[in-house]
Amino acid sequence: MPQHWLFKSEPGVYSIDDLKRDKKSSWDGVRNYQARNYLRDSMKRGDLVLFYHSGSEIPEAGPGIAGVAKITREGYPDATALDPKHPHHDPKSTQAEPIWMMVDIEFVERFPAVVSLEELKGEKALEGMLVLRKGQRLSVMPVEPVHFEHVLKLGRSRK
DNA sequence: GCCAACGTTGGC
DNA sequence: GCCAACGTTGGC
């Protein structure tokens with residue numbers, strides 16, 4: 001059984017449409033230990049990912065879940081942390097002992113319209129969902145299967 | 001090991 | 001642009 005996750009991205013930086021265009025992408029740049037542990041230890045090939053748009057600079061494109069992706073490659077060393085010229089370079093991370101991890105994902109589907117954070121908060125069925133917790137800043141987090149299924153239903157039910 | 005200072009995230 | 005929440009850093 002595949003597990004379920006939620007990845008946050010600022011759509012101005014990388015959106016579901018960018019992923020649709022690219023078909024696949026490496027999920028690099030995560031610099032939080034708890035998130036790193038999920039990337040390194042828990043994510044498996046075939047796991048499904050809710051693609052979340054956060055803090056958009058475009059006011060009418062508020063935060064929400066924009067679509068679905070799938071994990072195609074399990075955790076491996078984050079190349080941006082090892083590259084001295086990269087803005088996300090971390091001198092503490094080395095080839096021999098990499099600190100930060102990334103996974104690869106591929107595009108699965110884009111919802112006809114983003115399921116807004118406001119709508120998610122109003123759903124009884126999503127009570128307790130991690131991303132809805134106040135002060136929840138993890139960029140990568142697990143999602144319970146029932147919550148995942150409910151979000152899918154919401155996302156597919158609109159035009 | 002405590003905790004103040006600081007930086008970042010992200011909703012509003 | 002503001003600010004609450006949180007993680008990290010560094011002085012002691």
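How do the residues of the lining of the largest pocket divide into nonpolar, polar and charged? In this predicted model, the lining is made up of 4 nonpolar, 8 polar and 5 charged residues.

**The largest pocket**

The space in the largest pocket amounts to about 440 Å³. It is lined by 17 residues, and those closest to its centre are Lys8, Ser9, Glu10, Trp27 and Asp28. Two strands, β1 (4-9) and β2 (24-27), each contribute at least two residues to this lining. The greatest contribution comes from β2, which supplies 3 residues.

Ser25 belongs to strand β2. Its relative accessibility is 16%, so Ser25 counts as buried, the cut-off for this class being under 20%. Apart from its neighbours within four places in sequence, Ser25 is in contact with Tyr14, Leu19, Val103, Asp104 and Ile105.

Lys23 lies in the loop between α1 (16-22) and β2. Lys23 counts as exposed because its relative accessibility is 59%, and the cut-off for exposed residues is over 50%. The backbone of Lys23 also deserves attention: Lys23 has a positive phi of about 70°, although it is not a glycine.

**Asp104 in strand β5**

Asp104 is part of strand β5 (residues 101-116). With neighbours within four places in sequence set aside, the contacts of Asp104 are Ser25, Ser26, Lys70, Ile71, Thr72, Arg73 and Tyr76. Asp104 counts as buried, because its relative accessibility is 16%. Between Asp104 and Met1 there are 103 residues of separation in sequence, while their C-alpha atoms are 19 Å apart in space.

| Residue | Relative accessibility | Class |
|---|---|---|
| Ser25 | 16% | buried |
| Lys23 | 59% | exposed |
| Asp104 | 16% | buried |

**Arg36 in helix α2**

Where is Arg36 found? Arg36 is located in helix α2, which covers residues 33-42. Which side chain of opposite charge is nearest to Arg36, and how far away is it? The nearest is that of Asp41, at 6.0 Å. A salt bridge requires a side-chain nitrogen of Lys or Arg within 4 Å of a carboxyl oxygen of Asp or Glu. Arg36 has no salt bridge, yet Arg36 is buried. Not counting residues up to four places away in sequence, Arg36 touches Val30, Ile99, Trp100 and Met101.

How values were computed: Residues numbered from 1 in each chain as written. Chains lettered and ligands numbered in written order. Predicted model: local features only at pLDDT ≥ 70, side-chain atom pairs only at ≥ 80, totals over all residues. Heavy atoms only, no water. Helix = DSSP H or I, 4+ residues; strand = E, 2+ residues; numbered from the N terminus. Buried < 20%, exposed > 50% of the residue type's maximum accessible area, 1.4 Å probe, protein only. Lys, Arg positive; Asp, Glu negative; His and termini not counted. Contact = heavy atoms within 4.5 Å. 1 Å grid on protein atoms, 1.4 Å probe; cavity = no way out; pocket = protein on both sides within 12 Å on 5 of 7 lines; lining within 4 Å. Points joined across faces, edges and corners; volume = space filled by probe spheres on them. Nonpolar A, V, L, I, M, F, W, Y, C, P; charged D, E, K, R; others polar.
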